[in-house]
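Trainee: I have a model open and some questions about its contacts. Can we go through them one by one?

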Amino acid sequence: MHQNDLITYKDVQIPKQLGSIITHMTSLEDYREELRILASQWDLLTILGQISGTGTNMSGTREGFKHLTNELLSQLGLENLKKASQEISSKAQVAVDIVIRNLFERTADIGFLATDKDIRTFITKLQELELLTQDECTDLNINKTQAREKLRSGITSRFEEYTSKYSVYYDIILLDPDWNVLAQMDRNSKLTKSNDPVIKESLTTQDDYVEFYRKTDLTDREKSLVYAYRVTETNDPKSSPMGVLCLCFRFNNEMDGIFENLSSSNDWSIITLLDNEGSVIASSCHCQIPIGMKMEMVLEDKFGIVKFAGRLYLAKTCSTNGYQGFFGLGWHGHVMMPIEHAFDASGLSAKIDPEILHSVMEDPKLFSKELRNIPIQADIIQSELERTVWNGNITGNDPKSKILLWNISDAGAKTKKVFEESIGNLHETVITSVLNNVWFWAALSVDIMDRNLYERANDCRWWALTSDFRDILAQQHITPEDKQKMSEILKYINNLYTVYTNLFIYDKSGQILAVSSDMDEHLIGTHISATWIRETLALKDSQKYSVSPFEQTELYNNKHTYIYGAAISSLDSSNVLGGIGIVFDSEPEFAAMLEDSLPRDENGNIPDGCFGVFADRHKHVISSTSEDLPAGSILDLPTDIFSTPNGEGNSRIISYQGAYYAIGFQASSGYREYKMCDNYSNDVLGLVFVPLAEINENMNSGTKKRNYNIDIRSDIKGGDCIEVATFYIGNRWLGIRTEHIVEAVQPSGLTVIPGSCDFVKGQMIYNNTPTVLLDIRSILDEEECEISKETQIVITKTEKMLIGLVVDGLGAIPEIPNNRVEQPDHIIENTRYTDCIVKPQTKSENQDILVVLHPDGLLDCIKDMI
């Protein structure tokens, strides 16, 4: 990070964007304070090392510690900020997009209902009634008032029938061109004439419909979301207007449901919907953000810090992405999180397998280079510290130097602990963020699906009540002209509702009489004997509907889909005459739902490897954005995922097709009446996959350093002892007597010796002397390992030369009493290079034997093997 992008906060260099909010990151403050205290210790130890005369120089360790502290706290802060800002941004986007998806369906509803034959017939009869003179009424024995009320009661009942299916509306109003109310579903309304300009606009607009959200005299509510459409004599747009139809949407009710789905019990965020001027029109908490408040929008930046009602919030505003070209009234989703709670530890626990974490850490998909470098830097500091203490114990005999080294070691242990905890916190923050996000998107996917299919159940039931269908099917003989008329109606409907590939009418025998698609005209006259046809014809209630299994059907070009159906009954509902089937265009529609539920990068693109799936409880794929999972295939995941209760979900990390994925899953719960109280059961799971890392079976996760603790200084009671410098090679715990050890160094300046054997890794210049580096792994039956930055070189004295032993890590340097030391004869093999062994303190099988090597014997053994 460039220096100009940093600021100083309590002696720590942090990114500018964290300046105003870092004090609200409690865990970060705790680590900063711990690291500050440790920094003071390192400063003191550095000074003591310089004046001690022991040659112990801690300057490099101190500077490395300081740099890592800055980097660690910066990355922790940035990841916490990223997690919080992504959370509120996702909610803001979904809050506006999901309502726009819903309102798109309303534009089709008003367009079709305005062409309803019963509405046109009602207006015509009412006009004819009003034209009758008093004498004509007397001659015809007509009571105008009673006749008018009878007509209105009939059309009001039809409105009620409509809203019993499309329950998103609370009122339907029909007005004439002079703004007089002809009929209204709300039987308690006193409205007789409206002064709302929507009437004139609906009659004159070049658009198909008029949409508004404001105060209107059409309802008694503070504000109403209304869709208006002119009613004409025919479907020809140029035909004479007969009136204006208005649908009143249950806006507050709908937003309450959206807010409930997006919020949780421990959620401090406040979700709002803003109009095009930034005023609140819906709020998840009216107490904190009331309706009508003008908000400071944050559209361009990833987040903003805004002040509202004397409190600071982390905020984000999102414009709608629209749906199929529909953008509504220019509304925005706006989410605010109190700054003091924005960085609370919340969500799922991210305790994952260390092997998986190592793979994820090594892969750049999730962890940036800066994040991946932090544990590397920490290991380097720890390695340098271990080497400093190790060398100090080799060369230092002064008790004061031992005390200094003990303090350095103690400070190192504390530093390591804080680093491990904070790096673990960083990993957990990143992984938790991903797991929370995939669950959120999975829940969104299945919610979108339920909302969409709710509309399908409504459509088939309402279209089954079309008067022309009922009249024609009631006839004893249905002519080709009748079938053509039904097909024309179906085509008109299908042009408005484009989510279907075909609509068809069939009689009581299952014979198809009419279709909406020219491509399916060959189906007319054929019979369908599917079980769902029989189930449809058995329905006796206009509120009931049927749905086919999700299966391949010739009605959808032998692809998988759902077909929704409803019975068509006689006008008096006394008997069933046939049915209507609507073929859902599942392939593109479900794919679009899943794509809208996948995460996006900063450029609005779906990250590589991310995909979504709809599946049933038997693991059968309904839809997927992955080409490898076509409809009908099996999704090979753990069975318990598919047993998730309705309305619940979770997330986890899994191995799938050679990679680790964060997977979120949520079981459907329905929407409004759909799958909630309509006796239709069809559980679907929405799943979202985000790739984390490739699975590398050959990945070397590093030598496992066991905690060999010999702790036998207390055993020494004046007896003779030996001092051993211990180290690790592979899984072996080894040592050499300290009198043979010079010091441990880093493998810098390594050069390869041409023609050397496998034991010789090269040579390096040590104190102006060429020193051969030996790797004895093959002698110890340990796996080969390349020299890395973590490798240590133990400079060892033999009778003839210095050699450098390649080791993986440095251990303790204990003083071991002779009564714990045994000669290797008859105990272990290769006694030629083994000086002695150290018996374990106890007979526990878990304790390893310390093998002490003899440098000259080791060198002789290697020479013989060359």
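Mentor: Start with Arg 148, which counts as buried at 19% relative accessibility. Buried means under 20% relative accessible area, exposed over 50%, and partly exposed in between (1.4 Å probe, protein chains only). This is a predicted model: local features need pLDDT of at least 70, side-chain atom pairs count only at pLDDT 80 or more, and totals for chains, interfaces and linings use all residues. Residues are numbered from 1 along each chain as its sequence is written, and side-chain values use heavy atoms, with hydrogens and water left out.

Trainee: Which side chain meets that of Arg 148 in a salt bridge?

Mentor: A salt bridge is a side-chain nitrogen of Lys or Arg within 4 Å of a carboxyl oxygen of Asp or Glu. Here the N to O value is 2.7 Å. The partner lies in helix α3 and Arg 148 in helix α5 (residues 144-165), so the pair ties together parts 18 residues apart in sequence. Helices (H or I, at least four residues) and strands (E, at least two) are DSSP runs, numbered from the N terminus. The partner is Glu 130.

Trainee: Is Lys 165 buried or exposed?

Mentor: Lys 165 forms a salt bridge with Glu 161, at 2.4 Å from N to O. Both lie in helix α5, four residues apart, about one turn of the helix. Glu 161 is partly exposed at 25% relative accessibility. Lys 165 has a relative accessible area of 0%, so it is buried.

Trainee: How many residues apart are Asp 471 and Lys 117?

Mentor: The two form a salt bridge, with the closest N and O atoms 3.9 Å apart. Asp 471 sits in helix α11 (residues 467-473) and Lys 117 in helix α3 (residues 117-131). The pair links distant parts of the chain: the separation is 354 residues.

Trainee: Which residues are linked with Asp 471 in a network of salt bridges?

Mentor: Asp 471 is partly exposed, at 32% relative accessible area. Lys 117 is also partly exposed, at 35%. Besides Asp 471, the network holds Lys 117, Asp 468 and Lys 485.

Trainee: Why is one side of β14 and of β15 left without a neighbour in the sheet?

Mentor: The open sheet has five strands in the order β14-β13-β19-β18-β15, with antiparallel pairing. Two strands pair if DSSP finds at least two bridges between them. β14 (512-515) and β15 (546-547) stand at the edges, so each has a single partner strand.

Trainee: What is the bridge partner of Ile 563 in β19?

Mentor: Strand β18 (residues 563-569) and strand β19 (residues 576-584) pair in the antiparallel sense over seven bridges. In β19, the partner of Ile 563 is Val 583.

Trainee: Which residues are in contact with Val 434, leaving aside neighbours within four places in sequence?

Mentor: Val 434 lies in helix α10 (residues 399-463). It counts as buried at 14% relative accessibility. Contact means heavy atoms within 4.5 Å. The residues are Leu 366, Ala 662 and Leu 692.

Trainee: How many disulfides does the count come to?

Mentor: A disulfide is a pair of cysteine sulfur atoms within 2.5 Å. For Cys 836, the nearest cysteine sulfur, that of Cys 721, is 12 Å away. For Cys 861, the nearest, that of Cys 757, is 12 Å away. The count is zero.
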